[in-house]
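Hello,

Here is the structure we spoke about, with its sequence. My notes follow below it.

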Amino acid sequence: MFGFVKNFTTAYGRNFAPKIYEVLKHGYDREKFRSDSIAGMTVAVVSIPLALALAIASGVSPAQGLYTAIVAGFFIALLGGSRYQIGGPTGAFVVVIFNVMQQYGYDGLAMTMLIAGVVLILAGFLRLGTYIKYIPYPVVVGFTAGIGLLLISTQVKDLLGLQIDNVPADFLPKWKLYLANLEKYSLSSLFISLFSFVAILYTQFKKPKLPAYLISVVGATLLVAVLQLDIDTIGNKFGGIPHFLPMPHFPEFNLDLMLKVLPSGLTIAFLAGVESLLSATVVDGMSGDNHNSNAELIGEGVANLMSMCFTGVPATGAIARTATNYKAGAYSPMAGIMQSVFLLLFMLLLAPIAQFIPLACLSVVLVLIGWNMLNLEKIYKLLLGPKGDRYTLLATLLLTVLVDLNTAISVGFIMASVIFMHRMSREIEIETDEEVIEDVPGGRDLTQVLHENGVMSLRLSGPLFFGGAAQVSRFFRKIGEHPKVLILRMGYVPVVDASGANIIVEFIKKLKKYNTKVILSNVKKQPRRVLHDAFLKEGLDRRMIATASTFENALKMTRRYLKIKEDGSPEAKKE
């Protein structure tokens, strides 16, 4: 019993234990806590404007962005599988959250977060974290760029201070309305926007260690107060920010509403999983650490459920904030926990000041986030690459912008899969006797001997799966000869699926009418298992099919079967 518990604990620790458990197990002292506290404070300074801006762009109050950064950030650090991960609201969710809020209000968003949280936890315990890395790169770049473009398009109104109401949700109608009302701009908003752009870009290039976004927000807020500009602010638009967290409560369960928002919940879960694991992978490359992907998914799931209980919004690991955390000298997930502590102190002590922050400044922050999400350098490199990757990227990007994210991801993934299968099918090769015998001692002479005695050898190369099964089938059908022995060399076939096995079975059954002996040589483990099962189901026995470990052994079996000597002459008949 003790051994079972020990093994279970070891397996749990290896697959699901949060990274903070691993860190604390190896010792933690005051100096390490100091490093984590400094890093946490640094990231908190970066997170404040981002949390406010992303919340407003998502269609919720600025306070809900802070709730999310505090609560979700705490649980992602506490339960996640990455040493340096910083969680909170991100640009990837803005479009999905905004659409849910427009259609179903916060009750719908709560059900969306419930679905996403449960799915992420289940994905972690089912060990699906290791499979998210198989999401095709062009699809990730495409939908990320599409979200960035949509994010930028939502900020034009506040960026320019356009005096328009009821901005359409769809991309093209939205820009049509913007272009028709450009003359309704606000000089105050334009001034603050230009100041914010200059402040952020100057700080990032000249003083990269300083918090550019926070400097921009503080500077813009002071300008609005000193010059008494007539401009939209957090205060006159949203009524300011509370200086405390709300009491946690679980939202009322609504099955009908949950079914309506199910696609959005699955999208949030997918995006949270992809972005958090991408973030963890990026910081692993910087630090040399290794994250636990399954624990990370569990931490993300719990964080979204807890954010829901505090009326927050969906959250995930944020690449920029996570990288900042590492560069600031963080040692462990305690830095993420301390970030939440400092954000909470900001709410308690400085919340009244936040009501004077101009929306134009926050729009600039979001436009720059959207610009970074576009990844134009990555798009350019993919456009110069293979046609399949290019088409997948463009389709995913355009569908994200013009249709919706669910469609974009589905179509992009299917396109990438079909293109991959097409590429793999082109890797399948079938070589005949003259091409494959040369690597055997006495190859040229042996070829003639084999032909004279009714022996054919074929070498298959590449994965034999449904994508290339038709190609192999056509080749087999073209073979007009009916040899006494057929040697199938399969040493270069790494994998065989049901379709590939069926092609070989049908070919062998065709040869059965002519009493052809089939010898399979050098069959790998997976193909051997699949073919063995297929032969058993079709009733093909060993009298017709044999296996040899090498091609040379297959030739020896052939000579014994046909009673041919080493020199190619027939064995003398016994009296």
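**Salt bridges**

Seven salt bridges turn up in a search of the whole structure. Please keep in mind that this is a predicted model.

One of the bridges joins the side chains of Lys 19 and Asp 289, at 3.5 Å from N to O. The two residues are 270 apart and link distant parts of the chain: Lys 19 sits in helix H2, and Asp 289 in the loop between helix H13 (262–287) and helix H14 (293–309). Lys 19 has a relative accessible area of 4%, so this residue is buried. Asp 289 is also classed as buried, because its relative accessibility is 16% and the cut-off is under 20%.

Two other bridges are local. Glu 31 and Arg 34 pair through their side chains at 3.7 Å, N to O. Both are in helix H3, three residues apart, or about one turn of the helix. Arg 34 is partly exposed, with a relative accessibility of 49%. The side chains of Glu 377 and Lys 381 form a salt bridge at 3.4 Å, N to O. These two are separated by about one helical turn, because they lie four residues apart in helix H18 (residues 376–383). An α-helix has 3.6 residues a turn, so residues three or four places apart point the same way. Glu 377 and Lys 381 are both exposed. Salt bridges with shared partners also join Lys 19, Glu 22 and Asp 289 into one network.

**Nonpolar cores**

The largest nonpolar core holds 96 residues, and those touching the most other members are Leu 52, Leu 109, Phe 143, Ile 234, Ile 241, Leu 362 and Ile 369. Helix H5 (residues 94–125) supplies the largest share of this core, with 16 residues.

Leaving aside residues up to four places away in sequence, Leu 362 touches Pro 49, Leu 52, Ala 53, Ile 56, Val 217, Ile 234 and Ile 357. There is also a second, separate core of 31 residues, and Leu 486, Val 493, Ala 501 and Leu 520 are among them.

Helix H16 covers residues 334–354 and bends by about 60° at Leu 348; a proline, Pro 352, follows within four residues. Its buried residues are Met 334, Ala 335, Gly 336, Ile 337, Met 338, Gln 339, Ser 340, Leu 343, Phe 346, Met 347, Ala 351 and Ala 354. The buried residues of H16 pack against helices H2 (19–25), H3 (30–57), H4 (62–79), H11 and H15 (319–327), as well as strand S1 (87–88).

Leu 348 also belongs to a nonpolar surface patch of about 750 Å², together with Phe 244, Val 341, Leu 345, Leu 349, Leu 350, Ile 353 and Phe 356. Phe 244 is in the loop between helix H11 (234–238) and helix H12 (255–260). With 44% relative accessibility, Phe 244 is partly exposed.

Phe 356 is one of the contacts of Thr 221, which also touches Ile 357 and Pro 358, again not counting residues up to four places away in sequence. Thr 221 is in helix H10 (residues 212–227). Its relative accessible area is 12%, so Thr 221 is buried.

Regards

Key
Residues numbered from 1 in each chain as written. Predicted model: local features only at pLDDT ≥ 70, side-chain atom pairs only at ≥ 80, totals over all residues. Heavy atoms only, no water. Buried < 20%, exposed > 50% of the residue type's maximum accessible area, 1.4 Å probe, protein only. Contact = heavy atoms within 4.5 Å. Patch = residues over 30% accessible without salt bridge, like charges linked within 9 Å, V, L, I, M, F, W, Y side chains within 5 Å. Areas by Shrake-Rupley, 256 points an atom, 1.4 Å probe, with all protein chains shown as cover. Salt bridge = Lys/Arg side-chain N within 4 Å of Asp/Glu carboxyl O. Bend = angle between axes of the 7 residues up to and from the residue. Core = buried A, V, L, I, M, F, W, Y, C linked by side-chain atoms within 4.5 Å.
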